[in-house]
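Dear colleague,

I am passing on the structure below, and I would be glad if you could look through it with the notes that follow.

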Amino acid sequence: MREQASDDADVLIVKTAVEQSTHDSVAIVGEDVDLAVLLIASTPPTRDIIMLKPGRGETKTMALSTQEMQNCGFEHILFLHALTGCDTTSATFRRSKVGFFKLYLESEIITQAAITFSDLSSTYDQVEEAGKMCFLKWYKAPKKQ
């Protein structure tokens, strides 16, 4: 099968992999974090797609299972990805995606912010406050006295 992406290739790759996973074992090869994010968010929990991340130099090739990635506690993966930047958004100034993902796993403030962002009944003010709290926590701003 050969297709040409008219927009974002990552979306086409993941969509094709999910469709093929209904009747075949599927593995994709890529280094892009966006690919992993889309796989985690898009693959039904009843299927498993393997993402092979090629090694370079001292880093070994990794095989990542979507089911394993989904079970790592990233149920708000799209929130995390949107806040930390993606292909079309520049990365947050001098902060890593991995660092924010770790903070999400450790911080109740970030977890609550993710819930607020995902809650359709959240008000604009609640989302704004949650976003501010995320950035203050991420940049280790001192607590108000």
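Helix 2 (residues 33–42) lies across strand 1 and strand 2, and runs at about 170° to strand 2. Here helices (H or I, at least four residues) and strands (E, at least two) are DSSP runs, numbered from the N terminus, contact means heavy atoms within 4.5 Å, and axes are lines fitted to C-alpha atoms, for helices over the stretch in contact, with angles from 0 to 180 degrees between N-to-C directions.

Please keep in mind that this is a predicted model, in which local features need pLDDT of at least 70 and side-chain atom pairs count only at pLDDT 80 or more, while totals for chains, interfaces and linings use all residues. Residues are numbered from 1 along each chain as its sequence is written, and side-chain values use heavy atoms, with hydrogens and water left out.

**The chain and its sheet**

The protein chain has 7 helices and 3 strands, which follow one another along the sequence in the pattern α-β-α-β-β-α-α-α-α-α, and its C-alpha trace spans about 60 × 40 × 30 Å along the principal axes.

The 3 strands form an open sheet in the order 1-2-3, with mixed pairing, where two strands pair if DSSP finds at least two bridges between them. Strand 1 (26–29) and strand 3 (62–65) stand at the edges with a single partner strand each, so one side of each is left without a neighbour in the sheet. Neighbouring strands of this sheet are turned by 25° against each other on average, direction ignored.

Strand 1 and strand 2 (residues 49–53) run parallel and are joined by 4 bridges; among the partners, Ala27 is bridged to Ile50 in strand 2, and Ile28 to Met51 in strand 2. Strand 2 and strand 3 also pair over 4 bridges, but in the antiparallel sense, and there the bridge partner of Lys53 is Met62 in strand 3. Strand 1, helix 2 and strand 2 together make a right-handed β-α-β unit, right-handed meaning that, with the strands pointing away from the viewer, the path from the first strand over the helix to the second runs clockwise.

The largest pocket has a volume of about 560 Å³. A pocket is an open set of points on a 1 Å grid over the protein atoms alone, where a 1.4 Å probe fits, with protein on both sides within 12 Å along at least five of seven lines, and its lining residues have an atom within 4 Å of a point; a volume is the space filled by probe spheres set on the points, which are joined across faces, edges and corners.

Of the 21 residues that line the largest pocket, Ala36, Leu64, Met69, Phe74 and Phe101 lie nearest its centre. Helix 5 gives the most to this lining, with 5 residues.

The second largest pocket holds about 270 Å³ of space, and its lining includes Ile109, Glu129, Met133 and Lys144. Helix 7 (residues 124–138) supplies the largest share of that lining, 4 residues.

Best regards
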